[in-house]
Amino acid sequence: MRAFAEYHKNDNRIKSMVFVGGNSEYLERLKSISNELQAKDSSLNVIFLSDISRDDALDLLKQASIFVFGSLGEKFPVVIVEAMAAGVPFISTDVGVVKYFPGGVIVNSIEEMAHNISRLANDKKFHDALSKAGAEYARKRMRISDKVDAFEEICFGSNK
């Protein structure tokens, strides 16, 4: 959210940031930060959606222009793969295996995240190249049935 606010100081091509998730202490902390940032810039549009269905969350993801993931501790964030499959370029902190995925940018600071939000918002060629790379990778390498087959091969060998 702080990266979006930083981006928004110089560019407002992206009009809103939408957070989707369940009710939690973390959500309350985000709302507090949002209020703090909106007190400084009333045009900053941050939307919180909680307790929505998985299907609705995926529909929202498909409508996104950029997916921003600021987690500090993940191993295999499935939501990044979902963004890739939807053709939505991602910006992510360097967590888990994300750095090995095409279709996005890895960042190490709020400033880098803000810069890349701007870059994806303003460079259609770059945005579209990441979108295509992520979608192709997800389609070819991230199908559940393929992963189940690979798991069964590891567990049971080639003679299922």
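Guide: What follows is a set of questions about terms, each settled by a value and a cut-off.

Guide: This is a predicted model, in which local features need pLDDT of at least 70, side-chain atom pairs count only at pLDDT 80 or more, and totals for chains, interfaces and linings use all residues. Residues are numbered from 1 along each chain as its sequence is written, and side-chain values use heavy atoms, with hydrogens and water left out.

Visitor: Why is Tyr100 called exposed?

Guide: Exposed means over 50% relative accessible area, buried under 20%, and partly exposed in between, with a 1.4 Å probe and protein chains only. Tyr100 has a relative accessible area of 60%, so it is exposed. Tyr100 sits in the loop between E4 and strand E5 (104-107); helices (H or I, at least four residues) and strands (E, at least two) are DSSP runs, numbered from the N terminus.

Visitor: What makes Asp51 exposed?

Guide: The relative accessible area of Asp51 is 58%, and therefore Asp51 is exposed. Asp51 belongs to the loop between E2 and H3. Its phi is positive, about 55 degrees, although Asp51 is not a glycine.

Visitor: Which residues of helix H4 are buried?

Guide: In H4 (residues 78-85) they are Ile80, Val81, Glu82, Ala83 and Met84. The buried residues of H4 pack against helix H3 (54-63), strand E3 (67-69), strand E4 (90-93) and helix H6 (124-141). Contact here means heavy atoms within 4.5 Å. After H4 comes Gly87, with a positive phi near 75 degrees.

Visitor: Why are H5 and H6 called roughly perpendicular?

Guide: Their packing angle is about 95 degrees, and their axes are 5 Å apart. Angles of 65 to 115 degrees count as roughly perpendicular, under 35 as roughly parallel, over 145 as roughly antiparallel and the rest as oblique. H5 and H6 are therefore roughly perpendicular to each other. Arg119, Leu120 and Asn122 of H5 meet Lys124, Phe126, His127 and Leu130 of H6 in this contact.

Visitor: How many residues of each class are in the contact of H5 with H6?

Guide: There are 3 nonpolar, 2 polar and 2 charged residues. Ala, Val, Leu, Ile, Met, Phe, Trp, Tyr, Cys and Pro count as nonpolar, Asp, Glu, Lys and Arg as charged, and the others, Gly among them, as polar.

Visitor: How many residues of each class line the largest pocket?

Guide: The lining of the largest pocket has 29 nonpolar, 12 polar and 6 charged residues.

Note on methods:
Axes fitted to C-alpha atoms, helices over the stretch in contact; angles between N-to-C directions.
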